[in-house]
Amino acid sequence: MNKAVRLDRFYDYISESDDSKEIYIPQVWNSFIGCLYEETNKKNVIRVNEAQYFKTVIEKIRELKDEMDTDIKHSRIYCAMPRYTMAWDTKGDGSISNGTLVRMLALLPILKKMQVNVLYLLPITEYSTRNQKGDMGSPFAIKDFYKLDPNLHDEIIDGMNDFSLDDEFHILVEAAHLIGIRIVIDFIPRVTARDSNLILEHPDWFYWIDKDYEKDFKTPEIPGLDFFEECTVDNIEKVYLAESTKKHLTHFRKAPNLLNTAKWEEVVERIHETGENALALIEKEFGITTPPAHSDWINDVQPIWTDITFWKLYMDNNPWASKYLSKDQPDYVMFDTIKTNKFPAKEPNQQLWDLFEDVLKYYATEFKLDGFRFDIGHTLPPALLQRLFATVREYVKNPIFISEDLFNRNHESARKTGYNIMLGSSWNEVSHISKETYENFILELKDMNIMAYACAETHDTPRIVTRKGGKKLSRSLAIVNNFLPNGAHFMLAGYEINESQPMNCGLADNTNGAPIKKAFFNEMIMDWDSDDAKKMIDYLINVNTIRKDLEDSIDAKDFEMMDIDNSAIGFKYGDDAMVFFNTDMDNPVNIHLPEDSLDNYKVAVSSSDSFPQNNESSEITLDGASALLLCKR
């Protein structure tokens, strides 16, 4: 059977369509596709026939057909949130049309040109709008694992018989696979919507607090411990002896079915009859609610996550905390209970663990996905993770498993657990670049036994163009990140057009808490019509293609850091490539190339337009925040 059967059905449908509907799209969406279009009075925006446009998109995708590269060391990752990444004023009247799974097809030729071979999608499942943040709510507040987000439906398929939202996702996966791009999605096993659909069936899978405590809910401040300190066996005593912790624990309650069994049965029956929101009725009848989620780091400044709550992964308390608890203490959430990787209890919630396994099996088999990123997965019990990894491996060849662990120093534990890519520390290093710390970061990468994101930004950080160095730094990191040892080049949707609006600012925030809109929670569009868009995309195509061409000759075992006595850093891979990067964001520096460099190397790409590509001097000047790649002649 044709593996692209749904894509072919969609193509046949739009080919036969006599619909004359026209839509407005950014010019750059059509740059690598070539559909006929009309100019508009909006700069860098064109008007196309919708059916003809998607017909041309699919034809271009077929032209780009390519084999799948499953070597994890070759990973070039693009992270997208479909409802935001492909949102646009398609009607041309100033309104926003949210991005859809079908509209993501238009992005695939651009990604292929940029040598992307892994498309990682932020949550695409149905999410809750109760306790929502912003005007749309967070896709991480998962309501139902098995249902896709209805916001991702595209009206263009409304006339197709027996074609569902699931089929729309199939179209995207089939198209991506056709051109050698693997699809990875977010799996959210640690938190869920506070009014998850599973509350009614499994109230004991959730933690509960007094409803009155909800408005004042916050994590206890722990005296004697530092800001953003990890909870460990060594400091857990301070956590539980703190008066703030003792007070916090008094607000937790038993599950509603245990508080009053008869009333619970009445509530369940009523909800089945009326379809009322389960959490709303529980709050009304029992005076309790699910607690909002929070960081697992002690004395962290991240705000409370009011729209999500933690799953109860164990049905008992961990032994490190038990000795500090009263015998009648209801189940509760604290820094240690979140980190079940380090503080496992004795009685796993086996039914919940079974559910997680079934969910991964469903997506791996139904949609033929290529891997998963495990949100807050580094806090899960290794035994659970290994079981989940084993399940996926039964159905997926060379699957991708991405850990959200924030620090490279944890690479060995991530590898032993079964991950093959981790988030790591790039997000932190680029927020305050200095020569010493960045060199140490690179040397740390060299010795790792797992791939880590080589990124300028993530969906949880501010955009790189808003940091010191701005667009110059963004261009430079495209070179540097492509050549970091054991680095998986990671691009967040918008990086390719110098987008400045963040998706979220939970990490390395530089906004001072300003009430700016964030795409995680609000209806927004990216700056696809900017004058920078095509220029940056072309630059990334050039840099990424050079890196791909050097794929087989660049290996961490051949990596060598160079000794430079100013603010620049330099590193090389044998005789194949040299990279230089000026960590001073403002001032230029001079670099003396190694002897015989002019005979053996040529300038492959520079982040600075002013750099002479045919430089014949052994001394080169790097502008502030600029980078340079030299390759063997």
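The residues that line the largest pocket divide into 20 nonpolar, 10 polar and 9 charged. In this count Ala, Val, Leu, Ile, Met, Phe, Trp, Tyr, Cys and Pro are nonpolar, Asp, Glu, Lys and Arg are charged, and the others, Gly among them, are polar. The model is a predicted one, in which local features need pLDDT of at least 70 and side-chain atom pairs count only at pLDDT 80 or more, while totals for chains, interfaces and linings use all residues. Residues are numbered from 1 along each chain as its sequence is written, and side-chain values use heavy atoms, with hydrogens and water left out.

The space in the largest pocket is about 930 Å³. Its lining is made up of 39 residues, and Gln-302, Trp-305, Asp-460, Asn-504 and Gly-506 are the closest to the pocket centre. Pockets and cavities were both found on a 1 Å grid over the protein atoms alone: a pocket is an open set of points with protein on both sides within 12 Å along at least five of seven lines, a cavity is a set of points where a 1.4 Å probe fits but cannot get out, and lining residues have an atom within 4 Å of a point. Grid points are joined across faces, edges and corners, and a volume is the space filled by probe spheres set on the points.

For the second largest pocket, the volume is about 810 Å³. Among its 29 lining residues, Lys-3, Met-68, His-177, Leu-178 and Lys-368 lie nearest the centre. This lining has 12 nonpolar, 4 polar and 13 charged residues. At least two lining residues come from each of α1 (5-15), α6 (165-178) and α14, and the largest share, 5 residues, belongs to α6. Helices (H or I, at least four residues) and strands (E, at least two) are DSSP runs, numbered from the N terminus.

The structure also holds 4 cavities of 30 Å³ or more. The largest cavity has a volume of about 140 Å³. It is lined by 15 residues, with Tyr-207, Tyr-314, Asp-316, Asn-317 and Thr-337 nearest its centre. By class, 6 of the lining residues are nonpolar, 4 polar and 5 charged.

The second largest cavity has a volume of about 80 Å³. Its lining divides into 10 nonpolar, 1 polar and 1 charged residue, and includes Pro-123, Thr-125, Asp-186, Phe-187 and Tyr-363. The elements β7 (142-148), β8 (182-187) and α14 (350-366) each supply at least two residues of this lining.
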